[in-house]
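Work through these exercises with the structure open beside you. Try each task before you read its solution.

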Amino acid sequence: MSNLKHGIVLFDGDCNFCNSSVQFIIKRDQAMMFQFASLQSEIGQALLGQYEVDRSIDSIVVIQNEKAYTKSTAALQIAKHLDGFWKLLGILRIIPAFMRDPFYNWFAANRYRWFGKQEVCKIPTPEERARFLS
């Protein structure tokens, strides 16, 4: 079902910040390492089930190398593959997730209040559309 040579980013399709983050990743992923699907999509839900991630999760999930990464670990997994200095953020994985995730959880709990929810979907370019699984 998935191309695990690269990675798949599952994101909250209702979240403005999450959708902006996908655009951010696309612009800095010249190697086209990642494909994307919303958590709410059929394929997103299927992948959560396949990798035994709680289907009610509303945070970012990265599937890579036959493994699912969530929360701050997922964000850092993405960062280490981006162009420019963003890949240096991957070094933050030396900090244990139990220390990183409280900040991530706090941010995630407030993202709708700060950034809102999607009212309409951005129409992707043909190049961008090719990177989406659903």
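**Exercise 1. Is arginine 131 buried or exposed, and what does its side chain contact?**

Step 1. Arginine 131 has a relative accessible area of 5%, so this residue is buried. Buried means under 20% relative accessible area, exposed means over 50%, and partly exposed lies in between (1.4 Å probe, protein chains only).

Step 2. Find arginine 131 in the segment after helix 5 (126-129). Helices (H or I, at least four residues) and strands (E, at least two) are DSSP runs, numbered from the N terminus.

Step 3. The side chain of arginine 131 makes a polar contact with the side chain of aspartate 29, at 2.3 Å. A polar contact is a pair of N or O atoms within 3.5 Å; within protein, one must be able to donate a hydrogen and the other to accept it, and residues adjacent in sequence count only if both atoms are side-chain atoms.

Step 4. Leave out residues up to four places away in sequence: arginine 131 then touches Ile26, Asp29, Met32, Met33, Phe34, Gln35 and Phe36. Contact means heavy atoms within 4.5 Å.

*Before you go on.* This is a predicted model: local features need pLDDT of at least 70, side-chain atom pairs count only at pLDDT 80 or more, and totals for chains, interfaces and linings use all residues. Residues are numbered from 1 along each chain as its sequence is written, and side-chain values use heavy atoms, with hydrogens and water left out.

**Exercise 2. How many residues has the largest nonpolar core, and which elements supply at least two each?**

Step 1. The largest nonpolar core has 18 residues. Such a core is a set of buried Ala, Val, Leu, Ile, Met, Phe, Trp, Tyr and Cys residues joined through side-chain atoms within 4.5 Å. Val9, Ile25, Phe34, Phe36, Ile60, Val62 and Ile78 have the most contacts inside it.

Step 2. At least two core residues each come from strand 1 (7-11), helix 1 (16-28), strand 2 (34-38), helix 3 (71-79) and helix 4 (97-115). Helix 1 gives the largest share, four residues.

Step 3. Take isoleucine 25. Not counting residues up to four places away in sequence, isoleucine 25 touches Phe34, Phe36, Ile78 and Leu82.

Step 4. Another core, of 12 residues, lies apart from this one; Leu10, Leu39, Ile43 and Ile63 are among its members.

**Exercise 3. How are the rings of phenylalanine 17 and phenylalanine 107 arranged?**

Step 1. The whole structure holds eight aromatic pairs. Rings of Phe, Tyr and Trp (its six-membered ring) pair if their centres lie within 6.5 Å; planes under 30 degrees apart count as stacked, over 60 as edge-to-face and the rest as tilted.

Step 2. The two ring centres are 4.9 Å apart and the planes meet at 65°, so phenylalanine 17 and phenylalanine 107 are edge-to-face.

Step 3. This pair links distant parts of the chain: phenylalanine 17 is in helix 1 and phenylalanine 107 in helix 4, 90 residues apart.

Step 4. Phenylalanine 17 is partly exposed at 31%. Phenylalanine 107 is partly exposed at 21%.

Step 5. Phe17, Phe103, Trp106, Phe107, Trp114 and Phe115 form one aromatic cluster.

**Exercise 4. Where does helix 4 bend, and what do its buried residues pack against?**

Step 1. The bend is about 40°, at alanine 109. A bend is the angle between axes fitted to the seven residues ending at a residue and the seven starting there.

Step 2. Arg100, Asp101, Tyr104, Ala108, Asn110 and Arg111 are the buried residues of helix 4. They pack against helix 1 and helix 3.

Step 3. Glycine 116 follows helix 4, and its phi is positive, near 80°.
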